[in-house]
Amino acid sequence: MTSPDAAPILPSKHLLGIEGLSPANIVALLDLAETYVVQGRATDKKTALLRGRTLINLFFESSTRTQSSFELAGKRLGADVMNMSVKTSSVSKGETLIDTASTLNAMRPDILVVRHQDAGAAELLSRKLDCSVINAGDGAHEHPTQALLDALTIRRHRGSFEGLVVAICGDVLHSRVARSNLRLLSMMGARVRLVAPRTLLPCDAERFGVEVYTDMASGLAGADIVMMLRLQLERMAGAFVPSTREYFRFYGLDREKLNRAKPGALVMHPGPMNRGVEIASDIADDVQVSLIAEQVEMGVALRMAILDALARGMA
Amino acid sequence: MKRIAFRNARLIDPASGLDVKGGLLVENGRIADVGPRLFNDAEPSDPEVIDCRGLVLAPGLIDCRVFTGEPGAEHRESLESASNAAAVGGVTSMIVMPNTDPVIDEPSLVDFLLRRAQATAKVRVLPCAALTKGLAGETMTEIGLLKEAGAVAFTDGDRSIANARVLRRALAYAATFDALVISHAEDPELVKGASATEGEFATRLGLPASPAIAEAMMVERDIRLVELTGARLHFGQISTRASLEIIAAAKARGVNVTCGVAAHHLSLNELDVGAYYTFRKVRPPLRSEADREAMVEGVASGVIDVIVSSHEPQGADTKRQPFAAAAAGTVGLETLLPVALSLVHNGQASLPHILKTLTEAPARIFGLPAGRLAKGAPADLVLLDEGEPFVVDAEKLHSRARNTAFDGRKFQGRARATFVGGVKVFDAR
């Protein structure tokens, strides 16, 4: 790997969001992640880079892929990984987030990966803990590792981001994935579009330097990448969208809508998918267009790169 | 090729400002030609010639607010019986409210309504779909699918959406599909149980009453939500000066909002309830004379876009009750034009202006191809005599329900013949 004397890959000991990263940070992270893609495909996937270090996964919201991805990344780098989910933590017994932080701090972890339902939770923990904090999703604010793994996936297929048209479709309003991707992709020179019914678009979306569409046909026209977002089940029952069938009819990605995009356009989804809601099964399963499985693989490699980058600052 | 030639007519087309003596040619259900020189000199050689003898030939009326009993209460009014009254009233398009049983909140029910209308109604029937499921004011309907099925607008009819959050989301969602939302502005809690407008008269009669501001409060709220969401909103009917002033101010600052007034709120005030006359119990209730005058001013100034009948059939069972217990509503398809024309006879508005509120304006708001005398437009026409005096006789109405608020009232001017798509559906000449 690169020499410890090189310029730091990350600007701080925490990774709280895409906000605060520079294009150079992102390129360096993606370059480092490429080496872990190779390592992840080797027979011996394990190194001792983080031997003796402790990584705590603190998840206040249930997650399968992000949590297991971090767990695997930590273990492949030799760290001791502990998973704490909300059901087993003392938060369910009334403890405040700050109390939980103090308790965890006393255990002297080196890296805390946190997912919380409230925006700003990771930021708060980073100020109360001595260790590095990685934001694995805070409310509708940021999910930086998802945006970075998406960027890694895109770059492996398209080489660069400059001028790439990326349509982010679906529940933008509640999506931290959309916010982090929007920040990262715009910073790297891509043209970002948001496509959603008005009930699922944030107020003043136009002011974020993106193009906003309320119909898929025009939103997907000429797109290089179609990034679908998950529609939470509780949003479907009339509050934001009248029904699943109406959502799928107008906003679900099927072959007909995808045909509006540029020939060879690629489809992404952060998972878990709602088949027949935001995406048709034949698109999700079409290996010619769907990068969904690859995103998962890139997720592990990218998270190893982040752990590596943070560990260098700890030495 | 089916051709009808109208000659010797006073052509009034509010959409183009045309008001001239002339003729009009219908071919295959559409207007093929119209103008002052048409059929002036020679007798046209077409098989069917209608000599209008100087009567007004105008676009057929579009009534934007009609309740029927179909489906669910056909004993009160069916699409067919309502369409009979419409044809006699010169109304060629009825925009029907979704307050039926079942409620029109499913694409298949819009389809049903359109097919029933096609099979039974003499005039065009344009269905509104519910804005919230079951008119419960809680969850929005499938606006995209309903619009594809043929719903022209979305409304809970005579119910207000009490929950501002629900309305905000429904408006935002409707804006996504450029769908028109029709609002009924009455604060539901303030008007609960009321049957008259609060004031001296209601107090004398001892009637449960609601304050007139119950309307203006909701008008203001809805307009603020329209500004937030970018939706298109139409108030089905307003009835007070306060509402009028709020809408005038909103229009002046460019808000995409329109409104209607019911014919009875132009011609009756709260005193007309007299001795508990339940046929004049309507929703919103009849207002003060000052508010009635404001409605007339609003029509004249153009702040009020459309005049509607708010045709609402009731039976003897629901009307022959003590006033507070009686159902609200009056039929109005046959009296819409005569009441509207009374503004012309009173010197409050010109004939073309009044016809505009019944033709061009509703067509523009609802995005309909009808409502104008233009080449290629549907041949929906009314031949009317604006001066003919007559007395309303409830027994002789053509709707199944006869609960008119105007029984025994004298009017001047009514339809003499009505054509829908070039087909004569009424002829009293």
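A salt bridge is defined here as a side-chain nitrogen of Lys or Arg within 4 Å of a carboxyl oxygen of Asp or Glu. Between chain B and chain A the count is three salt bridges. In one of them, A:R245 pairs with B:E142, with 2.6 Å between the closest N and O atoms.

This is a predicted model, in which local features need pLDDT of at least 70 and side-chain atom pairs count only at pLDDT 80 or more, while totals for chains, interfaces and linings use all residues. Residues are numbered from 1 along each chain as its sequence is written, chains are lettered from A and ligands numbered from 1 in the order in which they are written, and side-chain values use heavy atoms, with hydrogens and water left out.

**The interface**

Contact means heavy atoms within 4.5 Å. Chain B contributes 18 residues to the contact and chain A contributes 16 residues. The buried area, that is, the accessible area (1.4 Å probe) that two parts lose on being put together, summed over both, is about 1,400 Å² between chain B and chain A, and carbon and sulfur atoms give 55% of it. B:R169, B:Y173 and B:T176 supply 36% of the area that chain B buries against chain A, more than any other three residues.

**The sheet of chain A**

Helices (H or I, at least four residues) and strands (E, at least two) are DSSP runs numbered from the N terminus, and two strands pair if DSSP finds at least two bridges between them. In chain A, four strands form an open, parallel sheet in the order β2-β1-β3-β4. Strands β2 (80-85) and β4 (132-138) of chain A each have a single partner strand, so one side of each is left without a neighbour in the sheet. Strand β3 (residues 111-116) of chain A pairs with β4(A) in the parallel sense over five bridges, and A:V113 stands opposite A:I134 in β4(A).

**A buried asparagine in chain B**

B:N403 is found in the loop between β16 (381-391) and β17 (410-420) of chain B. B:N403 is buried (under 20% relative accessible area, where exposed is over 50% and partly exposed lies in between; 1.4 Å probe, protein chains only), with a relative accessible area of 1%.

| Side chain | Backbone oxygen | Distance |
|---|---|---|
| B:N403 | B:E312 | 3.0 Å |
| B:N403 | B:G329 | 3.1 Å |

Leaving aside neighbours within four places in sequence, the residues in contact with B:N403 include B:F279, B:P313, B:K319 and B:V331.

Conventions:
A polar contact is a pair of N or O atoms within 3.5 Å; within protein, one must be able to donate a hydrogen and the other to accept it, and residues adjacent in sequence count only if both atoms are side-chain atoms.
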